[in-house]
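Subject: A structure for you to look at

Hi there,

Here is the structure I promised you. Please open it and keep it beside you as you read.

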Amino acid sequence: MKVSHSLEEKVRRQLETVCDPEIDTITIVDLGMLGNISIRENKVTVDLLPTFLGCPALGIIKENVIKAVKEISEVEEVEVNYINNPPWTSASITEKGREALKQFGIAPPPTQANSDGSWHVDCPYCGSAYNTLENIFGPSACRSLLYCKECKNPFEAMKPISTL
Amino acid sequence: MKITSVNEVNDPKNVDYKRALVDLLYQLADDDFLISYRGSEWLGLVPHIEEDVAYSSIVQNTMGHSAVYYQLLEELGEGKADDLAHARTESVRKNAILLEEVNGTGHWLYQEPMYDWAFTVVRNYFYEVMKKHKIESLKTSSYEPLAQVAVKVQSETIYHLMHWRTWFYQLVSAEGEARDRMKAAIEKAWKDVGGLLSLGQNRQAMANFGLIDSEDVLKERFVAVIKDAVAHLNLDYPGELGMERGDGRNGNHTPDLKEAIDTLAEVYNLNPAVPW
């Protein structure tokens with residue numbers, strides 16, 4: 001039986017404890033923000049993919065990642081870099097992440113746009129597709145505002161972002 | 001030719017390449033920075049609350065884009081990104097004059113702001129059309145880190161252009177005051193639109209080094225979109241691209257820029273050592 005985990009595994013597990021500062025049901029790993037982890041002796045470097053370039057949460061996330069990784073006893077130094085390649089898109093969110101968003105009351109981004117470029121999301125409360133887009137822009141860069149005509153709830157949806 | 005690292009740029013044999021690249025990055029950074037600043041002055045003053053949400057989100061994204069370009073400049077040894085944004089005087093700024101112009105008379109804090117929404121819509125629409133074509137071109141830039149940023153920026157700006165295009169088309173299509181004011185705003189913005197499309201005195205080098213498409217090609221694409229829009233909206237094409245007040249890329253600016261920098265850097269200037 002293997003009892004000791006590799007340092008990289010430990011780092012990965014610590015990163016799975018870091019949540020989005022505003023949406024505390026989803027981890028940054030499930031948001032698809034984790035790039036490479038590289039380890040040189042006791043120094044850990046974590047590459048992260050920024051969701052939106054102007055997102056003010058990026059600084060907070062960076063601090064939280066440093067804090068979480070430093071909790072591992074053998075780690076002496078942590079460096080976090082935001083990288084632009086590969087670019088983050090809303091398809092980077094994991095299946096688990098999509099469920100976590102729903103739990104918070106945010107519809108996950110549409111996985112596929114229609115052939116004419118339009119897209120639809122289902123209400124995170126009742127599942128209905130009978131809803132209207134009130135504002136493509138929302139309370140944060142990554143979210144849009146919608147209204148469900150079925151259950152009469154306003155809700156937010158992750159804005160679809162792609163590099164097509 | 002592809003350049004993938006800062007070290008390559010700093011190789012003495014690439015001194016001309018670096019000059020063109022640095023100039024281009026300053027133009028991109030300063031443009032996004034100034035239009036964002038003018039946008040931020042609208043907070044709480046726009047026509048309705050959904051627009052407040054939308055415009056501030058666009059401004060936040062765009063400010064993020066300028067920060068990334070300043071970051072690329074920092075990596076090239078130009079100084080700290082925060083200092084590049086706050087501490088540079090007017091004469092070395094490279095933004096287009098159209099972007100530094102005040103939103104209207106008055107002030108958001110000191111006097112009643114009589115800002116011009118029509119001018120704001122026109123300026124932002126022209127800006128996003130121009131930016132779309134620049135970013136598309138930058139995706140194949142010979143400077144790999146810039147090409148990567150362009151891919152990321154493009155995924156966000158699709159929504160910005162959609163937003164301003166909607167305002168532009170709807171206000172011009174409306175009858176009466178809206179259409180009249182939009183026509184006046186188009187006429188006013190057109191007098192400086194040439195400066196928005198200028199790539200400055202290193203334009204030739206930028207194209208030769210494959211940093212971005214030539215100024216003429218970019219201009220042509222911009223003009224094609226505007227011609228299409230005005231035809232659709234039954235407006236006359238405004239004609240020759242104006243540059244009445246000079247070329248911001250070459251350091252020509254108006255007093256509006258000094259006022260903007262003094263205001264936006266007021267807190268920074270209290271203590272430049274404080275991290276942001």
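This is a predicted model: local features need pLDDT of at least 70, side-chain atom pairs count only at pLDDT 80 or more; totals for chains, interfaces and linings use all residues.

Residues are numbered from 1 along each chain as its sequence is written, chains are lettered from A and ligands numbered from 1 in the order in which they are written, and side-chain values use heavy atoms, without hydrogens and water.

Chain B holds 13 helices and two strands (DSSP runs: H or I of at least four residues for helices, E of at least two for strands). Its radius of gyration is 18 Å, close to the 19 Å from the globule rule for 276 residues, so chain B is as compact as a globular protein of that length. Both values rest on C-alpha atoms and a rule of 2.2 Å times the number of residues to the power 0.38. The C-alpha trace of chain B spans about 60 × 45 × 35 Å along its principal axes. Of the 276 residues in chain B, 54% are buried (under 20% relative accessible area, 1.4 Å probe, protein chains only).

Now the partner: 24 residues of chain A are in contact with 22 residues of chain B (heavy atoms within 4.5 Å). Together the two chains bury about 1900 Å², with 61% of it on carbon and sulfur atoms; buried area is the accessible area (1.4 Å probe) lost on being put together, summed over both parts. Leu53(A), Asn84(A) and Phe137(A) supply 35% of what chain A buries against chain B, more than any other three residues.

Happy exploring!

Methods:
Buried means under 20% relative accessible area, exposed over 50%, partly exposed in between (1.4 Å probe, protein chains only).
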